[in-house]
Amino acid sequence: MRKKNKRDDLDTETTIVDMNVEGFKWYDPAKKRGEKKVPLKISRKEYWRMVRGAFAAYAPMIVCIVVAFLVVFGLAYLWLS
C-alpha cells in the first residue's frame with residue numbers, strides 16, 4: 001500500500017507572520033488599520049488633465065535630451081567634415 005503524500009496535509013492558509021511591514025514595497029498602512037481601499041472614481045476630464053500634467057512634468061527633461069543629442073550630433077558633424 002502507498003503512503004499518503006505529506007504535502008496534502010500541509011496547511012497553506014495559516015498566516016505565521018504578518019509580512020505587511022513598513023519599508024517593504026508592498027506595505028499598506030490601511031491594511032494595518034483594517035480599512036478597505038476604495039477605487040478612485042475619476043471622470044474622463046480629470047483623467048486627461050492628469051495625462052496632460054504628466055506630459056508637462058516630463059517635457060523639460062525630454063527637451064533637454066533632444067537638445068543635447070542635437071548639440072553632440074552637430075559637433076560630430078563639424079569635427080568629421
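Visitor: What is the relative accessible area of Tyr-47, and how do I read it?

Guide: Tyr-47 has 41%, so Tyr-47 is partly exposed. Trp-48 is partly exposed too, at 43%. Keep in mind that this is a predicted model: local features need pLDDT of at least 70, side-chain atom pairs count only at pLDDT 80 or more, and totals for chains, interfaces and linings use all residues. Residues are numbered from 1 along each chain as its sequence is written, and side-chain values use heavy atoms, with hydrogens and water left out.

Visitor: How many aromatic pairs does the whole structure hold?

Guide: Rings of Phe, Tyr and Trp (its six-membered ring) pair if their centres lie within 6.5 Å; planes under 30 degrees apart are stacked, over 60 edge-to-face, and the rest tilted. The search finds two pairs. In one, Tyr-47 and Trp-48 have ring centres 5.1 Å apart and planes at 75 degrees, so this pair is edge-to-face. In the other, Phe-69 and Phe-73 have ring centres 6.2 Å apart and planes at 20 degrees, so they are stacked.

Visitor: How far apart are Phe-69 and Phe-73 along helix H2?

Guide: An α-helix has 3.6 residues a turn, so residues three or four places apart point the same way. Phe-69 and Phe-73 are four residues apart, about one helical turn. Phe-69 is exposed at 57%. Phe-73 is exposed at 53%.

Visitor: Which residues form the nonpolar patch on the surface?

Guide: Patch residues have over 30% relative accessible area and no salt bridge; like charges are joined within 9 Å, nonpolar side chains (Val, Leu, Ile, Met, Phe, Trp, Tyr) within 5 Å. A salt bridge puts a side-chain nitrogen of Lys or Arg within 4 Å of a carboxyl oxygen of Asp or Glu. Here the patch is Tyr-58, Met-61, Ile-62, Ile-65, Val-66, Phe-69, Leu-70 and Phe-73. Together they have about 880 Å² of accessible area, computed by the Shrake-Rupley method with a 1.4 Å probe. Ile-65 lies in helix H2 and is exposed at 55%.

Visitor: Where does H2 bend?

Guide: A bend is the angle between axes fitted to the seven residues ending at a residue and the seven starting there. H2 bends by about 40 degrees at Tyr-58, and Pro-60 follows within four residues. H2 is hardly covered: its count of buried residues is zero.

Visitor: How many helices and strands does the chain have?

Guide: Two helices and zero strands. Of the 81 residues, 4% count as buried.

Conventions:
Buried < 20%, exposed > 50% of the residue type's maximum accessible area, 1.4 Å probe, protein only.
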